[in-house]
Amino acid sequence: MDARSLPREVGPTEDGSRLRIVWQDGAVSELLPWLLRTKCPCAGCVDEMTGLRTLQPETVPPDIYPESIHYVGRYALQFIWSDGHTTGIYPWDLLRRLGGDHSGSTPSA
Ligand SMILES: [Zn+2]
């Protein structure tokens, strides 16, 4: 695995509204819970045969939040969502993609 795709720190932003991941290469991703939930890669949200997303984003509450976050080995995070959804496993490279690349910049609050 590319070491740059591994996290150095994972935690909430200061205002608690986003999940912040600081990557090994110093890049920072700040991820909205709603975005993460709508991008859930599990078989309940994406059709395994077609790869098409079956989850409708408008069915996800805008105020959704992770009740807890678990590490899955060294390669992923699992989110326990406030809507009861628990099967989403998010590999680091997916989280990195969702967060964009802000290397070298300090996100403003
Ligand atoms: Zn899912």
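Trainee: Quick one to start. In strand 6, which residue is the bridge partner of Gln78?
Mentor: Ile89 is the bridge partner of Gln78 in strand 6. Keep in mind that this is a predicted model.

Trainee: OK. How do strand 5 and strand 6 pair, and over how many bridges?
Mentor: They pair in the antiparallel sense, over three bridges. Strand 5 covers residues 76-81.

Trainee: What packs on the sheet there?
Mentor: Helix 2, residues 92-99. The helix touches strand 5 and strand 6. Its direction makes about 75 degrees with that of strand 6.

Trainee: Back up a bit. What is the strand order in that open sheet?
Mentor: The order is 4-5-6, with antiparallel pairing. Three strands form the sheet.

Trainee: Why is one side of strand 4 and of strand 6 left without a neighbour in the sheet?
Mentor: Strand 4 (66-72) and strand 6 (89-91) stand at the edges. Each has a single partner strand, so one side of each lacks a neighbour in the sheet. As for twist, the average is 25 degrees from one strand to the next.

Trainee: Zoom out for me. How many helices and strands are in the chain?
Mentor: Two helices and six strands. Along the sequence the pattern reads β-β-β-α-β-β-β-α.

Trainee: And what share of the 109 residues is buried?
Mentor: Buried residues make up 17%.

Trainee: Which residues make up the largest nonpolar core?
Mentor: There are ten. They are Leu19, Ile21, Trp23, Leu36, Leu77, Phe79, Trp81, Tyr90, Trp92 and Leu95.

Trainee: Which elements give two or more residues to this core?
Mentor: Strand 2, strand 5 and helix 2.

Trainee: Let's do strand 2, then. Which side chains point to which face?
Mentor: They alternate along residues 19-23. Leu19, Ile21 and Trp23 point to one face and are buried.

Trainee: What does Trp23 contact, apart from its neighbours within four places in sequence?
Mentor: Arg4, Pro7, Arg8 and Arg96.

Trainee: What lies between strand 1 and strand 2?
Mentor: Six residues, and the two strands form a hairpin. Gly16 sits in the turn, with a positive phi of about 75 degrees.

Trainee: Now the other partner. How many bridges join strand 2 to strand 3?
Mentor: Four, and the two strands run antiparallel. Strand 3 is residues 28-31. Ile21 stands opposite Ser29 in strand 3.

Trainee: How many residues are between strand 2 and strand 3, and which glycine is in the turn?
Mentor: Four residues, in another hairpin. The glycine is Gly26, and its positive phi is about 95 degrees.

Trainee: New topic: Tyr65. Where is it?
Mentor: Tyr65 is in the loop between helix 1 (33-38) and strand 4.

Trainee: Why does Tyr65 count as partly exposed?
Mentor: Because Tyr65 has 17 C-beta neighbours inside 10 Å. Buried takes 20 or more, and exposed means 12 or fewer.

Trainee: What does Tyr65 touch, leaving out residues up to four places away in sequence?
Mentor: Pro33 and Ser82. Look at Trp34 as well: its C-alpha atom is 7.3 Å from that of Tyr65, though the two are 31 residues apart along the chain.

Trainee: Last one. Of the contacts between residues at least 6 apart in sequence, what share joins residues at least 24 apart?
Mentor: The share is 41%.

Definitions and conventions: Residues are numbered from 1 along each chain as its sequence is written. This is a predicted model: local features need pLDDT of at least 70, side-chain atom pairs count only at pLDDT 80 or more; totals for chains, interfaces and linings use all residues. Two strands pair if DSSP finds at least two bridges between them. Axes are lines fitted to C-alpha atoms, for helices over the stretch in contact, and angles run from 0 to 180 degrees between N-to-C directions. Two residues are in contact if their C-beta atoms, placed from the backbone, lie within 7 Å. A nonpolar core is a set of buried Ala, Val, Leu, Ile, Met, Phe, Trp, Tyr and Cys residues joined through C-beta atoms within 7 Å.
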